[in-house]
Amino acid sequence: MYKLLSIATIFISAFLLFQIQPLLSKQLLPHFGGGASVWSASLVFYQTMLLLGYFYAHYISRYTITLQVVTHLLLVIIATLVIYLQNEIFHFTDWPPTLAVFVHLLREIGPIFMLLSATSVLLQRWYIQAFARHVPYHWYSISNLGSLMALMSYPFIFELLFSLEQQKSYWLFGLLCYCALLLLIMAFLLKKDLKVARKPQLANRAKLSQGKSIWIILSALSTAMLVSTTHMISTNIPPMPLLWSLPLVIYLLTFSYTFANKVNYQRYVWAYTFVFAVFAGLLMFYFGSQFSALAQLIMYCTILLTACMVCHGELRSTAPDNAQLTTFYFYIALGGVLGSLSSTMIAPLLFVQLDEYLLGLAVIFSFICYCQFKTQTGNKHIKYTLVATAVVWLSCYCFLVVNFNQYNVATSRNFYGYLTVKDIHTNTIKERRLIDGTTIHGAEPLDNNQFLGQSYYHQHTGVAKSLTILKQQGALNIGVIGLGAGVLAKFVGQGDRLHFFELNPAVHDMAKNYFSYLNSSKANVRVTIGDGRIALQKNHQETFDVLIIDAFSSDVIPAHLLTREAMSLYWQRLNENGVLIVHISNNHIDLLPVLQAHSQHFDKTLIKYSYQGRGLKSLGSDWVVLTSNHTFLNDVSISDLSPIKHYGNSQLAEWTDQKNSLLPLLKF
């Protein structure tokens, strides 16, 4: 009976832990511009709470079962009541972003998350104390199964079918079920404890200092690979629960598989597999953006699977006996915190690109080499293979890093991503480019004889053609969400006003210091640093003739800028004949169903410009215009417009702040 109760409780606690993670992180996205770093900052919080939960489990396990069970249940009830009674919402967006994410999550879910994370360790400890049995490490697999079901069900079921408020309600109901199961366990163990009260307790005084450093190192490496892999995926594909969940599913699957049975991990097999992984990682780091969304997901997840199998397999092979159970889990959690901290906070200070991804692969490969060469009876063939792999991989890395960085003029990395200014000098192209991640966000000719038509945001784009028509009606007041290199300042002139809203301060610095558009524009140009939607909400006085939404983060358009509430705000800030122009060029997301749904809801005419581009000289782009300005629409040349694919009502994506999903719009 106790086993069944324990397994059910562990399963539900793990489900609750990993169901709330994408839910709360998605809720935070709009406050921080929809950037991928929201999830990595959230992981720091989750790993820290896990560490505190394991420390709590280690500390409390030195007392009698009666005291442990009663104390844990009381703390869970108090933490649950705090969540139910918590109504007021605080905003920390004026703080440093990573700290703001951490503090918000701590206030929202901190105590109960810590207590839930201790459940699996506590119940295993109570089992070996009450029944004098060996550590049921396979229960850890049950915990991971609950985590996996939570992660996979969220993007495919909960996010698609329910609003954020509904999701929270269901989660709180699950928390009540967890409390009920704890009550049953308490009743069972208190009765059992009376029978064993006079028996000597199992040794449970293991000290944290008796742990092994290898536990921390292996756990830190797997967690660092988890965070950096998620960053790599989100550079080109929009950050969303599905992309957060998949790497975490791989991470947990390897934990579950290796801990289910010690023989499931064979070092020599995964050493050969990792040879493929290090080269695949190098390929994806430099050329990943050339692949489709599905191909990227498969490759990144395969590489992460191999890395985590090595780390978690080695962890299981060094797992301790009963006395050190809580110490072992504490060290794993400590390594997780250090790994997530290194990828989220330390790596951006050391690297201007996501070099921690390749560094993690290199360190794990070095660990494999160390283990193989340390084994005296090891297969010589695999040792030669590892040496050859190291030499070839290092040579390839040096060649690629030199060639890819030879045009760099300036680089910058912060919470919102990494930027590079490159001066491209080839036989056909001589221009300076601003690149966010892997996507060009503006360019300027280096040759005075070269026209803008040979560069980015050229006169053939929908935004340029629309502004040309509108300028015939008089001077314009234009608002632009997304600055880039400031190229749009080229298309306005004397008497026009241009107000940019830019989330990333580094983008403004690059545009001002390395490009001439802002400084040479004849229009009255302003730049406001901050999320465009939040800035527009605060900017009650200004009314625009044109609003342009061009808020890319690499190849990503933040979803909160395209919800019904956001559109309602835009129409409030536009005058009666205002024109809304949205840049929807994207390699992985089809945004047309979203904008068609908005055009129907707000009763606006929708037209689309599509330019196919001519190689690298003039890049293709897709722009959508929403308006009720009939004078503008009558002046638009039909030949300039592209056909619009009309979606049925069931295919339209009616995004709101409470309910939106990118999953149905992915271009696989």
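Which residue in strand 2 does Arg413 stand opposite? The residue opposite Arg413 is Tyr418. The model is predicted, with local features needing pLDDT of at least 70 and side-chain atom pairs counting only at pLDDT 80 or more, while totals for chains, interfaces and linings use all residues. Residues are numbered from 1 along each chain as its sequence is written, and side-chain values use heavy atoms, leaving out hydrogens and water.

**Overall composition**

- The chain holds 21 helices and 11 strands; helices (H or I, at least four residues) and strands (E, at least two) are DSSP runs, numbered from the N terminus.
- Of the 668 residues in the chain, 59% are buried, where buried means under 20% relative accessible area, exposed over 50% and partly exposed in between, with a 1.4 Å probe and protein chains only.
- Among contacts with a separation of 6 or more, 77% involve residues 24 or more positions apart; a contact means heavy atoms within 4.5 Å.
- The chain has an accessible surface of about 27,500 Å², and carbon and sulfur atoms account for 60% of that surface (Shrake-Rupley method with a 1.4 Å probe; for residues, only the protein chains shown count as cover).

- Strands in the order 1-2-3-4 form an open sheet of 4 strands with antiparallel pairing; two strands pair if DSSP finds at least two bridges between them.
- Strand 1 (408-414) and strand 4 (439-445) are the edge strands, and each has a single partner strand, so one side of each lacks a neighbour in the sheet.
- On average, neighbouring strands of this sheet are turned by 15° against each other, direction ignored; axes are lines fitted to C-alpha atoms, for helices over the stretch in contact, and angles run from 0 to 180 degrees between N-to-C directions.
- A hairpin of 2 residues joins strand 1 to strand 2, and the antiparallel pairing of strand 1 with strand 2 (residues 417-425) runs over 6 bridges.
- In this pairing, Ser412 stands opposite Leu419 of strand 2.
- Helix 16 (residues 505-514) lies across strand 1, strand 2, strand 3 (430-436) and strand 4, and runs at about 160° to strand 1.

- A second open sheet contains 7 strands in the order 7-6-5-8-9-11-10, and its pairing is mixed.
- Its edges are strand 7 (524-529) and strand 10 (605-611), each with a single partner strand, so one side of each is left without a neighbour in the sheet.
- Strand 6 (residues 497-502) pairs with strand 7 in the parallel sense over 6 bridges, and His499 stands opposite Arg526 of strand 7.
- Strand 8 pairs with strand 5 in the parallel sense over 4 bridges, with Val480 opposite Ile548 of strand 8.
- Strand 8 also runs parallel to strand 9, joined by 5 bridges; Leu547 has Leu580 in strand 9 as its bridge partner.
- Strand 8 is mostly covered, with 5 of its 6 residues buried.

**Helix 19**

- Helix 19 (residues 564-573) has Ala566, Met567, Leu569, Tyr570, Trp571 and Arg573 buried.
- Those buried residues pack against strand 5 (477-481), strand 8 (544-549), strand 9 (574-583) and strand 11 (621-627), and also against helix 18 (532-538) and helix 20 (592-601).

**Helix 8 and helix 13**

- The axes of helix 8 (residues 213-236) and helix 13 (residues 355-374) come within 9 Å and cross at roughly 145°.
- The crossing is left-handed, a term for a near helix turned anticlockwise from the far one by less than a right angle, clockwise being right-handed.
- Residues of helix 8 in the contact include Leu218, Leu221 and Met225, and those of helix 13 include Leu361, Ile364 and Phe367.
- The contact residues divide into 10 nonpolar, 3 polar and 1 charged, where Ala, Val, Leu, Ile, Met, Phe, Trp, Tyr, Cys and Pro count as nonpolar, Asp, Glu, Lys and Arg as charged, and the others, Gly among them, as polar.

**Leu666**

- Leu666 lies in the segment after helix 21 (630-635) and counts as buried because its relative accessibility is 10%.
- Leaving aside residues up to four places away in sequence, Leu666 touches Ile237, Met240, Leu242, His588 and Ile589.
- Leu666 and Ala293 are 373 residues apart in sequence, and their C-alpha atoms are 7.8 Å apart in space.
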